[in-house]
Amino acid sequence: MYEPIRTKSVHRMADDARDTYPHRSREEELDIQLAGHLAALLAVTDELGDTEAGELIARQVARLRGAPPARHAALSGASARELHGKAHALAGRALVVAASRADTAAAILAAERMDAHTAALAGGSTLAATAAP
């Protein structure tokens, strides 16, 4: 004989009320993720001292979050080459998320930042921020 079930099931039925905890849409989740990647890129950009590019990135973060971002206040002590590599990787992540949510302005900005950091890593001249909407 089988022993009877003595505990309540941990499984939820498909038709249970979904209002018991908050849900975010895929678009909202992508907005949060994109804003996070851009905020991290902003911190590295500020550390590199690229004010013009920092302002462009800050505008995109403010658009996504609905509030201006906190700006980077401390220095990591990393070399410029390490910072450019980190910024390139962060811009790449932002580009992937921007493309998946079809955010053209953020995708263009991320691609331009990737190009600028690639040029800096290749020994090109100083970073030049490009105008983005």
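Colleague: How much of the accessible surface of the protein chain belongs to carbon and sulfur atoms?

Modeller: Keep in mind that this is a predicted model. The accessible surface of the protein chain totals about 8700 Å². The share of that surface from carbon and sulfur atoms is 58%.

Colleague: Which pattern does the protein chain follow along the sequence?

Modeller: There are zero strands here, and the helices number four. Reading along the sequence, you get α-α-α-α.

Colleague: And what percentage of the residues count as buried?

Modeller: Buried takes a relative accessible area under 20%. The protein chain has 133 residues, and the part of them that passes as buried is 34%.

Colleague: Among contacts between residues at least 6 apart in sequence, what share joins residues at least 24 apart?

Modeller: A contact here needs heavy atoms within 4.5 Å. Take the contacts in the protein chain whose residues are at least 6 apart; the share joining residues at least 24 apart is 66%.

Colleague: On to charged pairs. How many salt bridges does a search of the whole structure find?

Modeller: To count, a side-chain nitrogen of Lys or Arg has to sit within 4 Å of a carboxyl oxygen of Asp or Glu. Searching the whole structure that way, the number of salt bridges is eight.

Colleague: How many residues apart in sequence are the parts tied together by Arg101 and Asp31?

Modeller: The side chains of these two meet in a salt bridge, at 2.4 Å from N to O. Arg101 is in the loop between α3 (80–100) and α4 (104–121), while Asp31 belongs to helix α1 (residues 26–48), so the pair ties together parts whose separation in sequence is 70 residues.

Colleague: Is Arg101 buried or exposed?

Modeller: The cut-off for buried is under 20% relative accessible area. Arg101 has 14% relative accessibility, so the label is buried.

Colleague: Where does the partner of Arg71 lie?

Modeller: Arg71 forms a salt bridge with Glu55, and their closest N and O atoms are 3.1 Å apart. The two are 16 residues apart, with Arg71 in the loop between α2 (51–65) and α3, and Glu55 in helix α2.

Colleague: How does Glu55 count by relative accessibility?

Modeller: Arg71, at 36%, counts as partly exposed. Glu55 has 37% relative accessibility, which falls between the cut-offs of 20% and 50%, so Glu55 counts as partly exposed.

Terms used: Residues are numbered from 1 along each chain as its sequence is written. This is a predicted model: local features need pLDDT of at least 70, side-chain atom pairs count only at pLDDT 80 or more; totals for chains, interfaces and linings use all residues. Side-chain values use heavy atoms; hydrogens and water are left out. Buried means under 20% relative accessible area, exposed over 50%, partly exposed in between (1.4 Å probe, protein chains only). Accessible areas come from the Shrake-Rupley method with a 1.4 Å probe; for residues, only the protein chains shown count as cover.
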